[in-house]
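Please open the model in a viewer and keep the selection tool at hand. The stops below are given in the order in which they may be selected.

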Amino acid sequence: MNLTKTILAGLLALGLSSTLAYAAEPSARPPHFAIDGAHFKLDGQPFVIRSGEMHYPRIPRAAWRERLRMARAMGLNTVTTYAFWSQHEPEPGQWNFSGQNDLRAFIKTAAEEGLNVVLRPGPYVCAEVDFGGFPAWLLRTQGLRVRSMDARYLAASARYFKRLAQEVADLQSSRGGPILMLQLENEYGSYGRDHDYLRAVRAQMRQAGFDAPLFTSDGGAGRLFEGGTLPDVPAVVNFGGGADDAQASVQELAAWRPHGPRMAGEYWAGWFDHWGEQHHTQSPEEAARTVDRMLSQGVSFNLYMFHGGTSFGWLAGANYSGSDPYQPDTTSYDYAAALDEAGRPTPKYFALRDVIARHVKTALPPVPAAPQPQALPAFALQPAGSLLARLELLSKGQPSRWARAMEEFGQNYGYILYRKRLDAPAKGKLVLDGLHDQATVLADGRVIGRLDRRLGESTLAVDLPAGVQLDLLVEAMGRIGFGAKLVDDTKGITRAVKLGDDELEGWTVYPLPLDAAALKRLPAGTAGDAAGPGFWRGTLTLAKPVDTFLDTRGWGKGQVWVNGHHLGRYWHIGPQQTLYLPASWLKEGANEVLVFSTETPTAGTMQGVAAPVYETPKRD
């Protein structure tokens, strides 16, 4: 406790001295961007922010500019993005700001296309990503509490802010750059009420070099503002629904902060999907009426999302509710947005463009030509070996007395396999206590059952003789990213494996992150079968690279890589039945397609389709 108090005192001191220093600095001209009472000002003139949210890791880098041009043509003057700590620091002290994670390049491209930027650096972002954007390695420290005054967490977040500032601090409006302002934390009022924590995060941001205006963002209720705001930091409000909901939420904000700016930090112009639930849509007319109401009253806004894109790889997170203990998010983050997952303008895009055009004084740029995904002929996929046959190539077994969470084995994402040779007959209930998130149970290589956290399943009736090799393949399907449960959503078998009341001991554990290094160890070509969990390989031959959607119907559940790019998870239960494949990840000629399926497919081919496919969810 004394250590925590000492760190807090130091952080607050840094933040205070930093604030005083900025206030004391002489300025030869007004700031490029300022928050002046209830108004924003840009170069000294009143400014209404017309923003749309886009997340750079969810958009192929080659498509950043075309998607940003689409935003400008719709009448937006700003783009908002989170910064994803998990993507930038995948392991402690190992930084990645290249390729798809080049935040600086994304911001500079936005500026080149005439767009300002609002940056939401976290450290927590939600955004339906794994662990709310926190790096999974934080969970390796027993008892560490994110979003708190835990000294271990604060030390890690301070390091993150310092490194992030090295990338983009010079692009802030305080230095003449396109980043107008930065968000302090994210919807903290929906999580806690520790204002010392918010002050500590602010101090870290200021000390790192983030000196542009800050703001907080919370849902439209007094208790959420009370928990998530600081008295001297401007606040904005998040909400969904229609024009009346917008009116009520902005009024709630005005009542809380009579002299602060009026802005929808997130207007939910759509919604995201969970596996096994319905696909969400929102009418263009409702979105247009809501934006019209806000612009008529001079209210700034950020469309969440303008373009949702795709949660490629292991990026997708999860949620929960009172009736649903676990709700994993789909790979598609289409969000019923103005631009669809492939970057095409939707009817909502044109409805919003018409509304914005009526409120601005200058003609909008013409709408650029949109990408047109194409159908592709079916191509064969051949068995490339079962997982168990390839296990020693993919992972090195580690002895463990008990089954434990994957984080304790230094693993962040993917699958993990627990193996035990039974030294006595096993009859009764096999209990996977703390199963996170889905298990495939095998006896001597044969699938004997599956257990699903979504459905509250954790027990399987077994009757196995002594000497059987028991394998428990557990898939991590995304950590919870919102609410109280995000603090400890470790993966794998998080408590124990029991037969009845007796805990089973003596395991060999195989971490299976299925990362690039591991997949390179798979033999080339096809060989053997892939019954049960296994790999399948094929070649997609193209005369010319084009955008498409891979149709995964008939392939059960698993992952797809094309030319080494991890498209993400597919699952026959829906609603999503396709995976977006951008042209920039393809090449002329032969393209390698690798599929890992935890279920034996009923199809032998896969094809590209011109539009995403959604089907009514069905029980697994």
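In this predicted model, the count of cavities of 30 Å³ or more comes to 5. The largest cavity holds about 60 Å³ of space. To display its surroundings, select Asp130, Gly313, Trp314, Leu315, Ala316, Tyr413, Gly414, Ala476, Met477, Gly478 and Arg569, which line the largest cavity. By class, this lining comprises 6 nonpolar, 3 polar and 2 charged residues.

Next, turn to the largest pocket, whose volume is about 1200 Å³. Its lining consists of 35 residues, and those nearest the centre are Gly313, Trp314, Asp515, Ala516 and His566. Colour α3 (85-88), α12 (516-519), β28 (565-571) and β30 (589-597), the elements that each contribute two or more residues to the lining of this pocket. Of the lining residues, 15 are nonpolar, 14 are polar and 6 are charged.

The tour now moves to pairs of helices. Select helix α2 (residues 64-73) together with helix α4 (residues 103-112); their axes come within 9 Å and cross at roughly 45°. Because of that angle, α2 is oblique to α4. The crossing of α2 past α4 is right-handed. On the α2 side, show Trp64, Arg65 and Leu68; on the α4 side, show Ala105, Phe106, Thr109, Ala110 and Glu112, as these residues make the contact. The contact of α2 with α4 divides into 5 nonpolar, 1 polar and 2 charged residues.

Proceed to helix α5 (residues 151-168) and helix α6 (residues 195-208), whose axes come within 8 Å and cross at roughly 35°. Here too the crossing, of α5 past α6, is right-handed. From α5, the contact draws on Tyr153, Leu154, Ser157, Ala158, Phe161, Lys162 and Ala165, and from α6 on Tyr197, Ala200, Val201, Gln204, Met205 and Ala208. Which classes of residue are found in the contact of α5 with α6? There are 10 nonpolar, 2 polar and 1 charged.

The next pair is helix α9 (residues 284-296) with helix α10 (residues 347-359), which pack at an angle of about 20° with their axes 9 Å apart. An angle of that value means that α9 is roughly parallel to α10. The crossing of α9 and α10 is right-handed. Display Pro284, Ala287, Ala288, Val291, Asp292, Leu295 and Ser296 of α9 as they meet Pro347, Lys348, Ala351, Leu352, Val355, Ile356, Arg358 and His359 of α10. In this contact, 10 residues are nonpolar, 2 are polar and 3 are charged.

Where does phenylalanine 131 lie? Phenylalanine 131 is in the loop between β6 (116-120) and α5. Its phi is near 60°, a positive value in a residue other than glycine.

Select tyrosine 304 and methionine 305 next, which are joined by a cis peptide bond with omega of about 0°. Methionine 305 belongs to strand β11 (residues 300-307).

Lastly, go to histidine 436 and aspartate 437, where the peptide bond is cis and omega is near 25°. Aspartate 437 sits in the loop between β17 (426-436) and β18 (438-443).

Conventions: Residues numbered from 1 in each chain as written. Predicted model: local features only at pLDDT ≥ 70, side-chain atom pairs only at ≥ 80, totals over all residues. Heavy atoms only, no water. 1 Å grid on protein atoms, 1.4 Å probe; cavity = no way out; pocket = protein on both sides within 12 Å on 5 of 7 lines; lining within 4 Å. Points joined across faces, edges and corners; volume = space filled by probe spheres on them. Helix = DSSP H or I, 4+ residues; strand = E, 2+ residues; numbered from the N terminus. Nonpolar A, V, L, I, M, F, W, Y, C, P; charged D, E, K, R; others polar. Axes fitted to C-alpha atoms, helices over the stretch in contact; angles between N-to-C directions. Parallel < 35°, antiparallel > 145°, perpendicular 65-115°, else oblique. Left-handed = near helix turned anticlockwise from the far one by under 90°. Contact = heavy atoms within 4.5 Å.
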